[in-house]
Amino acid sequence: MNAQQPLPLIGLTMGDGAGIGPEVIVPAVLDAATLSRCRPVVIGDAARLREAARVLGTDCEIVTVPTPAAAETAPGRINVVDLGLLPEGLPWGELSTAAGNAAYEYVRRAAELALAGEIDGICTAPLNKEALHAAGHLYPGHTELLAHLTGVEEVSMMLSTEKVKVIHVTTHIGLIDAVNRIEPGLVERTVRRGHEAMVRAGVPEPVIGVCGINPHAGENGLFGYGEEEEKIVPALENVRRDGIDARGPLPADTAFFLASRGDYDLIVAMYHDQGHGPVKVLGIEAGVNLTVGLPVIRTSVDHGTAFDIAGTGKAEAGSMIEALRQAAEMSTAR
């Protein structure tokens with residue numbers, strides 16, 4: 001990052017206030033490494049963050065700000081766009097319609113700020129889907145909610161670790177359905193989204209490895225029914241015409257090894273386990289889930305609301321710190 005560029009402004013949604021979100025946000029935002037990478041602004045409830053700080057025994061200043069731009073970054077200070085939606089005395093670790101509705105509103109506000117160009121990235125603390133649904137917001141999770149709120153019809157899941165980054169053409173559908181859904185247009189759009197994300201992250205000319213569907217990428221028709229030639233090759237020809245360095249179709253069993261040693265900046269996986277399996281071997285302890293295709297990059301922690309330990313001060317902030325790091329890395333500083 002250029003020394004003259006401002007650090008990216010990251011909107012950090014508080015998630016379900018009855019869960020561990022507030023407890024992992026407080027130490028993550030105060031972390032010196034976080035403050036060296038980005039300007040975090042919590043979108044949530046200032047009173048709940050103060051309760052979390054008391055639970056943790058953390059001495060800090062929690063300051064409400066009207067907009068992210070008004071936030072002043074300083075050690076020991078947490079800036080909050082305070083929606084003030086949680087009732088006083090909300091129990092920790094219990095399902096709450098009020099907390100589910102508040103979690104929705106935090107994300108809705110983050111989407112507004114993203115569309116207005118007021119934040120450079122979004123990092124989400126976990127919400128509770130049952131509470132979200134009880135409040136009348138019937139979305140499977142953050143990804144679908146953010147896509148709806150930002151008016152985006154199609155997004156991609158990217159898994160990011162120190163060793164490898166992987167973007168998926170299909171994710172949470174059965175393998176037979178995944179093969180049927182894969183078609184040149186979807187592959188092309190996924191490659192373009194991945195390329196754009198890498199450029200935003202500061203890799204101006206990313207080298208992208210694209211996996212095949214069948215073993216050995218079909219091995220010239222030996223395996224499968226010509227899916228690589230039919231579904232993948234046309235997409236790669238199109239993106240290459242625009243100067244995108246997309247190579248493949250590659251045998252998936254070697255593509256991830258090559259990526260781990262630095263041959264590729266990004267791997268395009270065709271289906272869920274093709275991408276998730278290698279990532280969990282190569283660096284799940286530091287892995288972060290990103291949603292690519294929104295107006296801003298969105299990262300999330302790799303855990304849930306953990307109602308069983310909420311309010312006890314036992315929650316670990318490491319995943320949130322990593323999610324903030326990658327939100328900063330993948331976002332474009334204004």
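## Close-up views of a predicted model

**Figure 1. The end of helix H4.** H4 is followed by glycine 117, a residue with a positive phi near 75°. The model shown here and in the other views is predicted. H4 covers residues 97–115. Its 19 residues reach 27 Å from the first C-alpha to the last, close to the 27 Å expected at 1.5 Å a residue.

**Figure 2. The buried residues of H4 and their partners.** The buried residues of H4 include the alanines Ala99, Ala102, Ala103, Ala110, Ala111 and Ala114. Gly100, Tyr104, Glu105, Tyr106, Val107 and Leu113 are buried in H4 as well. Among the strands, the buried residues of this helix pack against E1 (9–13), E2 (39–44) and E5 (121–124). Among the helices, they pack against H5 (129–134) and H6 (142–149).

**Figure 3. Serine 96 at the start of H4.** Serine 96 sits in the loop between E4 and H4. At the start of the helix, a side-chain oxygen of serine 96 comes to within 3.2 Å of the backbone nitrogen of alanine 98. Serine 96 counts as buried because its relative accessibility is 11%, under the 20% limit. Not counting residues up to four places away in sequence, serine 96 touches Leu90 and Ala131.

**Figure 4. Helix H1 and its surroundings.** Helix H1, residues 21–30, is mostly covered, with nine of its ten residues buried. These are Gly21, Pro22, Glu23, Val24, Ile25, Val26, Ala28, Val29 and Leu30. The strands against which the buried residues of H1 pack are E1, E2 and E4. The helices they pack against are H2 (32–37), H3 (46–56) and H12 (318–330).

Figure 5. One cavity of 30 Å³ or more is found in a search of the whole structure. The largest cavity holds about 30 Å³ of space. Val29, a buried residue of H1, is part of its lining. Strand E4 (residues 77–82) gives the most to the lining, with three residues. By class, the lining of the largest cavity has five nonpolar, two polar and one charged residues.

**Figure 6. The largest pocket.** About 1100 Å³ of space lies in the largest pocket. The lining of this pocket is made up of 46 residues, and Thr143, Glu144, Met157, His172 and Asn289 lie nearest the pocket centre. Three helices, H6, H8 (184–200) and H11 (272–283), each supply at least two residues of the lining. Strands E6 (156–160), E11 (288–292) and E12 (297–300) also each supply at least two. By class, the lining of the largest pocket has 17 nonpolar, 20 polar and nine charged residues. H6, one of the contributors to this lining, is also among the elements that the buried residues of H4 pack against.

**Figure 7. Threonine 67 in the loop between E3 and E4.** Threonine 67 is placed in the loop between strand E3 (61–64) and E4. With a relative accessible area of 28%, threonine 67 is partly exposed. Leaving aside neighbours within four places in sequence, threonine 67 is in contact with Val81 and Glu118. Proline 278 is 211 residues from threonine 67 along the chain, and the C-alpha atoms of the two are separated by 40 Å.

Figure 8. Histidine 216 is in the loop between strand E8 (207–211) and helix H9 (227–241). Alanine 217 is found in the loop between E8 and H9 too. Histidine 216 has a positive phi of about 60°, although it is not a glycine. For alanine 217, also not a glycine, phi is positive at about 55°. Histidine 216 counts as partly exposed at 41% relative accessibility, whereas alanine 217 counts as buried at 14%.

Figure 9. The peptide bond from glycine 248 to proline 249 is cis, and its omega is near 0°. Proline 249 lies in strand E9, residues 245–250.

Technical notes. Residues are numbered from 1 along each chain as its sequence is written. This is a predicted model: local features need pLDDT of at least 70, side-chain atom pairs count only at pLDDT 80 or more; totals for chains, interfaces and linings use all residues. Side-chain values use heavy atoms; hydrogens and water are left out. On a 1 Å grid over the protein atoms alone, a cavity is a set of points where a 1.4 Å probe fits but cannot get out, and a pocket is an open set with protein on both sides within 12 Å along at least five of seven lines; lining residues have an atom within 4 Å of a point. Grid points are joined across faces, edges and corners, and a volume is the space filled by probe spheres set on the points. Helices (H or I, at least four residues) and strands (E, at least two) are DSSP runs, numbered from the N terminus. Ala, Val, Leu, Ile, Met, Phe, Trp, Tyr, Cys and Pro count as nonpolar, Asp, Glu, Lys and Arg as charged, and the others, Gly among them, as polar. Buried means under 20% relative accessible area, exposed over 50%, partly exposed in between (1.4 Å probe, protein chains only). Contact means heavy atoms within 4.5 Å. The expected span of a helix is 1.5 Å times one less than its number of residues. A polar contact is a pair of N or O atoms within 3.5 Å; within protein, one must be able to donate a hydrogen and the other to accept it, and residues adjacent in sequence count only if both atoms are side-chain atoms.
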